[in-house]
Amino acid sequence: MNLDLHRTLDALGTIVLGKERQLKLALTCLLARGHLLIEDVPGVGKTTLALALSKVLGLSFQRVQFTSDLLPADILGVSVFERDAASGNSSFRFHPGPIFSQVVLADEVNRASPKTQSALLEAMEERQVSVEGATRPLPDPFFVLATQNPADQIGVFPLPESQMDRFLMRLSMGFPPRAAERALLLEQDRRTLLQELQPTLTPAQLREAQALVGKVVTTPALVDYLLALIEATRRHPGLKQGLSPRAGLALRRAAQAWALLEGRSGVIPEDVQAVFAAAAGHRLIAAERERAAPTAEAILEAVAIP
Amino acid sequence: MSSPIKAAVSSYLHVATLLRLLAVLVFVLAPHMARLPVWETVAVLAVIAWRAWAAQRHFTMPSKWIRGALALAAFAAVYISYGRINGQHAGVALLVVMAALKLTEMDQRRDVMVMVFLMYFVCSTHFLFSQELWTLVYLLLAAVAVTTVLIESNHAGEPLPLKVTLGRGGRLVAQALPLMLLMFILFPRVPGPLWGLPSDAGASRSGLSDRMAPGDIAALILSDELAFRVDFDGDAPPQNQLYWRGPVFWDFDGREWSEGGPVYTAPYPVQLQGAPVRYEVTLEPNRTTWLFALDAIDQSQLPPDSLVTVDGRLLANKSIRERIAYRAVSHPRYLAAPELSDQHRRMATRLPGNRNPQAVALAQRWRAEGMNDAALMQTALQMFRDQQFFYTLNPPILEGGNPVDEFLFTTKKGFCEHYSSAFTTLMRAAGIPARVVTGYQGGARNVIGGYYTVRQSDAHAWSEVWLRDKGWVRVDPTGAVAPNRVELNLQSALGADEALPFAFRRSSSQLFTQLEARWDWVNAEWNRWVLAYGPELQKEFLGRFGIEGWRDLMLALIVALSAATGLFGLIALRRAMPVRIEDDALRLWRQATARLAGDGLIQRPHEGPQVFVARVIEQRPELAATLQPLLASYLAMRYVGDTSAIAKLQQQSRGFKPRKV
């Protein structure tokens, strides 16, 4: 199992160059049944990452480009009155939207109106969609990879704080390192390479791996560390509010997934530290608007491992 | 009674609890019962029985007039019995009867509390009468019992099972024990016995007397009471040299010997010879000033507050009312009074005129035959040996005015006092200075403690004769008749048909001897360390720890009490905190990694163990082989919860000894 996960990571690494850590975190997020928010400027390989993930895991993929006039129905799907050619009966038939896909790339999610955003986020949370009175389950695995431009760009609706909480992790891709970018420029087009990429994991294997995450042991000693971290965010003067209990559970789950990826049967403090910035960073809200929130790294350094 | 079993009769005290309280009260009062007048024992038991009955029958308590009358009657009865209402006996009697009467007014929870604390107080009064080991054990049990009542009476609802309250009570008392011990050791002591009271001194005690009439010592022999214990440095002298010197009698009225010797304060003229014997005597209170020592005592190494009389006795400056221990040095070989003053000679040859004429005549006949002093002495001893003299505890009663004559020529059955008295009379009649010495002879070696116990049954009387160039020589005429008395012990000297009371048959069974020796040893240690723990011993004991003076003592007491309470608090705190197996792992991990600290490799507070190990190995690659398995075990135990890794981790932690660079 671990071998497969590492092969998956290696395969991803051939497409997205020089971003091992982000790839690993993205896979962790997927294993933990969380959703991923990538916050970065356009053109750093967000879409490529999403495509590569769906490809290596053998999952169906849909991409939704969020615009200001995108409506919830454009994502969830719509019932259309139509006649069945064979029987001649007319009825409303549901046309599933792009959300009914195992990997959904919600590109530039902050360009859509809040109404549309919330439709997406509710589907993410519930893992089912209720349209016109009928509840339709979403596929499993179900993984939303949303991208968002930094809020200082024009014409965006930044995700409200409460909605940020729906994402297990937030990542920033960043520009590739020089060597990686060089390779990017020299070698073949990534999209072409993607076509040739072979799945390393079946959806069933992925579900199995996801089930294993919950079995990774978190001892009371480790829970003490998690608590110490959570309490540190709550007491920190630079933060408006600390991590919520839900955030604590998310942090634990992310650490479990990371430990699984590392091939461990128990979570160690390093696992928590590895996912802390990604899993907690977007949930920390600065006490004052003008000042930046303390970084996750600063909090990690301030908390002793019990 | 329509419903005989009805729980919760009153709001403050359950019937079952009350019955337990009454049982505990009986338990607490029981040792006092034997010391109280009969009317009081009966009255107390009657009140307790009535209270038990009343509780089951739901009687209303008597009115305050009746209670007042009862209290007054109790006062009066105690006063009539003792002539006072305070002091050791009367005070306790009053306390006990009032404690019982308190049962008639248990109307509220407050009264129950008063009862409980009364019982605690009654417990402590037992120490006024007895400080033996068994008393302590009994009172500890009583304290547990009273505490169970305290717990029970503070518990609302149905009574707790007896097992639960006993368990809690026992635990509370056990927790108080260390504090008790601390207070015992550190609390400043005042001179005098811990619990002794002046009135205590009047109680009669058997022991040697300052006079000796025929039959006195024989009566003493029947007492198994301990006289003193002796612990020799090194080997003890042989049994036949163990003569513990007591009262020396110079004066004889024909029947009774009494001291009447020369003035005490003159120095004891003795020349010590041979090797010294060093020993420590733990003397039971004898209410005299007599200390006992072997002949002849070294006057340059006397115990404190003591003196030696002119006839070689060791005396204390004041009456011995509490158990004391003293060290002494004696020389079994000595020359006492090489020169005898005329006054002493006169005193040592004085006989009452016209008493015991036959004995006097016999001695004068021997003298007329031209015997010298030594030969005469031998002749007298030979007479005891050759003629039909018997050693017996039950000699015929000598009622006449000439008991020596009667004994020597008629009955010929006697005990040590008869022999020494007769022998001394004979010597004096022949003009040889002689005197009677009483004391103890021998002692039983305790097989457990290695010390000797000397009992009242070891009391003995012998003679001393003054010979030219030899001084005062000890002559034991009893030894001539019954050598076993001196060589072995009393029982062996007596005939088979004359058995001692059971308690004296010391060799009757191996097991019995063993048990008795053990019990005596326990008592000896108890006396030595607990009852004898007065100001002197406290000073000496604490001095070893550098605690001197009362300031140090108070400081030590406060520090010790705070430390004890603090420790107790910590233990309680630790109990309240969850105990986790992974914490053991952390301890072992820290022990191991602390050995890297010398090289500046210290795990930072926020640094995970794996990252730390990676950092260490980067600097000290040679440690990888030992550090990696240690890390693996640590992580397995602390973060996977694999408890089976503990043994491995312990081994790895101990075995991790990085070389300093």
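**Labels and their grounds**

Mentor: Chain B of this predicted model is divided into domain 1 (15-186), domain 2 (211-504), domain 3 (535-576) and domain 4 (581-655). The C-alpha centres of domain 1 of chain B and domain 2 of chain B lie 51 Å apart. Chain B has 23 helices and 20 strands, and buried residues make up 45% of its 661 residues.

Trainee: What makes Ala49(B) partly exposed?

Mentor: Ala49(B) has a relative accessible area of 47%. Buried requires under 20% and exposed requires over 50%, so Ala49(B), at 47%, is partly exposed. Ala49(B) belongs to helix 2 (residues 38-57) of chain B.

Trainee: Why is Gln117(A) called buried?

Mentor: Gln117(A) has a relative accessibility of 1%. The limit for buried is under 20%, and Gln117(A) therefore counts as buried. Gln117(A) lies in helix 5 (residues 114-126) of chain A. Leaving aside residues up to four places away in sequence, Gln117(A) touches Val109(A), Asn110(A), Ala112(A), Phe157(A), Leu159(A) and Pro160(A).

Trainee: What makes helix 3 (residues 46-56) of chain A mostly covered?

Mentor: Nine of the eleven residues of helix 3 of chain A are buried. Among them are Lys46(A), Thr47(A), Leu49(A) and Val56(A). Just after helix 3 of chain A, Gly58(A) takes a positive phi of about 65 degrees.

Trainee: How do you know that Arg620(B) forms a salt bridge with Asp599(B)?

Mentor: The closest N and O atoms of Arg620(B) and Asp599(B) are 2.5 Å apart. The cut-off is within 4 Å, so the pair qualifies as a salt bridge. Arg620(B) is in the loop between helix 21 and helix 22 of chain B, and Asp599(B) is in the loop between helix 20 and helix 21 of chain B, so the pair ties together parts that are 21 residues apart in sequence. Arg620(B) counts as buried at 5% relative accessibility, and Asp599(B) counts as buried at 19%.

Trainee: Why does Asp599(B) count as buried at 19% relative accessibility?

Mentor: The limit is under 20%; Asp599(B), at 19%, therefore counts as buried.

Trainee: What makes Arg170(A) and Glu39(A) a salt bridge?

Mentor: Their side chains meet at 3.5 Å, N to O. Since the rule asks for within 4 Å, the pair of Arg170(A) and Glu39(A) is a salt bridge. The two residues link distant parts of the chain: Arg170(A) is in strand 9 of chain A and Glu39(A) is in strand 1 (residues 36-39) of chain A, 131 residues apart. Arg170(A) is partly exposed, with a relative accessible area of 28%, and Glu39(A) is partly exposed at 22%.

Trainee: How are the domains of chain A assigned, and how many residues of each are in contact?

Mentor: The assignment gives domain 1 (1-69 + 101-184) and domain 2 (214-301) of chain A. In the contact, 22 residues of domain 1 of chain A meet 19 residues of domain 2 of chain A. The area buried between domain 1 of chain A and domain 2 of chain A is about 1,900 Å², and carbon and sulfur atoms give 57% of that area. Lys24(A), Asp165(A) and Leu168(A) supply 27% of the area that domain 1 of chain A buries against domain 2 of chain A, more than any other three residues.

Trainee: Which salt bridge does Asp165(A) form with Arg283(A), and on what distance does it rest?

Mentor: The closest N and O atoms of Asp165(A) and Arg283(A) are 2.7 Å apart. With a limit of within 4 Å, the pair is therefore a salt bridge. Across the interface of domain 1 of chain A and domain 2 of chain A, the rule finds four salt bridges. Asp165(A) and Arg283(A) also belong to a network of salt bridges that includes Glu125(A), Arg166(A) and Arg246(A).

Trainee: How many salt bridges are counted between chain B and chain A?

Mentor: The count between chain B and chain A is zero salt bridges. Eight residue pairs in polar contact are found across the interface of chain B and chain A. On the side of chain B that touches chain A, helix 20 (581-593), helix 21 (609-619) and helix 22 (624-639) of chain B each give two or more residues.

Methods: Residues numbered from 1 in each chain as written. Chains lettered and ligands numbered in written order. Predicted model: local features only at pLDDT ≥ 70, side-chain atom pairs only at ≥ 80, totals over all residues. Heavy atoms only, no water. Domains from an automatic or database assignment. Contact = heavy atoms within 4.5 Å. Buried area = accessible area lost by both parts, 1.4 Å probe. Helix = DSSP H or I, 4+ residues; strand = E, 2+ residues; numbered from the N terminus. Buried < 20%, exposed > 50% of the residue type's maximum accessible area, 1.4 Å probe, protein only. Polar contact = N/O pair within 3.5 Å; in protein donor to acceptor, adjacent residues only side chain to side chain.
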